[in-house]
Amino acid sequence: MVTPSEKSWTDGTDACGDPHPSQLTPSEKIWMDGTFVNWNEASVHVLTHSLHYGMGAFEGIRCYRGKNGSIIFRLREHVDRLFESAHIMAMNVPYSRKDVAEAIVETVRINKLESCYIRPLLYVGYGEMGLYPGNNPVKLAIAAWSWGTYLGEDALVHGIRAKVSSFTRHHVNVSMTRAKVSGYYVNSILAKCEAKKAGYDEAILLDTEGYVAEGTGENVFIVSKGVLKTTPLTSILEGITRHSILELAREKNIPVVEERFTRDALYVAEEVFLTGTAAEVAPVREIDDRQIGTGKRGPVTDLLQKAFFDIVKGEDLSHGQWLTPV
């Protein structure tokens, strides 16, 4: 009998049945509580509290190769959100925001990465077992590795196929939706696997009242009658790329509304796109076997995608405050 983990290495598929699993490209060092350790030696005890109960907070950050060197996109905002997530979950971070920001920059630098994805992870360490974490220490690890576009380079141009998930997004009285917490992503894994097994690229989840919430790791935008709409901050995470796109849209005099909309509003929208650190700005060409708009990247998506990449690649310096040089 082949286990799921064995299957992912023997026949080229992952546990969800994806024939194109995204394998990690190891770098040299990982920062762990103030010390750089070799990639293959960055380990924790099997009874680490967060491994069992999901209490952890993390971020996804991108470093881009710009015209004048490598730059990290919105580092301060990502570090702020990491600390806010920890505060919401009553996790006492043993470092200052300045310390964490400097450690992130140094992690990219020591690994000699021109462009990369960065993952800071706060977790509850080894100690007491049981749901109450007690006096278990809060630990921090920071890893960085080369990682291309999450949904594929082709997705940025031609768009993706998405499925409205049978799984519902978090309710505000069930989980703290403003926190980026490790355990919350079990919900995303279920939705992602369902979509992949059905032959789609991504899932879109509804909230508990049936309104569009977000993707498995992205915020959702639609263009309807020339107006750019996105879900308000109720059942969703406040995405930093989302915030960036909203600001860029306003600067370009695109009407912007944050309001709830239903799944059929997705079907009849002129354009749909997803935003996130990993996915960046990805158009959606089809949802539930219904073509969206012309079935191609629309003009508003194209305009905002180009504006975003001009900034993160250092070609447009109008938002220099968003960029941290490495």
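Predicted model: local features only at pLDDT ≥ 70, side-chain atom pairs only at ≥ 80, totals over all residues.
Residues are numbered from 1 along each chain as its sequence is written, and side-chain values use heavy atoms, with hydrogens and water left out.

**Overall build**

- The protein has 9 helices and 17 strands (DSSP runs numbered from the N terminus, with H or I over at least four residues for helices and E over at least two for strands).
- Its radius of gyration is 20 Å, close to the 20 Å from the globule rule for 326 residues, so the protein is as compact as a globular protein of that length (the radius is taken over C-alpha atoms, and the rule is 2.2 Å times the number of residues to the power 0.38).
- Along the principal axes, the C-alpha atoms fill a box of roughly 55 × 50 × 40 Å.
- Buried residues make up 51% of the 326 residues (buried is under 20% relative accessible area, exposed is over 50%, and partly exposed is in between, with a 1.4 Å probe and protein chains only).
- Take the contacts between residues at least 6 apart in sequence: 69% of them join residues at least 24 apart (a contact is heavy atoms within 4.5 Å).

**Salt bridges**

- The count comes to 23 salt bridges (a side-chain nitrogen of Lys or Arg within 4 Å of a carboxyl oxygen of Asp or Glu).
- Arg74, Arg76, Glu77, Asp80 and Arg97 are linked in a network of these bridges.
- Within that group, Arg74 pairs with Glu77, their closest N and O atoms being 3.1 Å apart. Arg74 is buried at 4% relative accessible area, and Glu77 is buried too, at 14%.
- Glu77 also meets Arg76 in a salt bridge, at 3.4 Å from N to O. Arg76 is exposed, with a relative accessible area of 56%.
- Elsewhere, Asp207 forms a salt bridge with Arg260, with 3.3 Å between the closest N and O atoms. This pair links distant parts of the chain, 53 residues apart: Asp207 is in the loop between β9 (202-206) and β10 (212-215), and Arg260 is in the loop between β13 (256-258) and α8 (263-268).
- Asp207 is buried at 8% relative accessibility, while Arg260 is partly exposed at 34%.

**Second largest pocket**

- This pocket has a volume of about 270 Å³. On a 1 Å grid over the protein atoms alone, a pocket is an open set of points with protein on both sides within 12 Å along at least five of seven lines, whereas a cavity is a set where a 1.4 Å probe fits but cannot get out; lining residues have an atom within 4 Å of a point. Points are joined across faces, edges and corners, and a volume is the space filled by probe spheres set on them.
- Its lining has 14 residues, with Tyr64, Ser115, Glu153, Glu280 and Lys313 nearest the centre.
- β4 (61-66) and α5 (153-158) are the elements giving two or more residues to this lining, and β4 has the largest share, with 4 residues.

**Cavity**

- A search of the whole structure finds 1 cavity of 30 Å³ or more, and the largest cavity has a volume of about 30 Å³.
- Residues lining the largest cavity include Glu270, Val272, Ile292 and Arg297.
- β14 (271-276) and β15 (280-287) each supply at least two residues of this lining.
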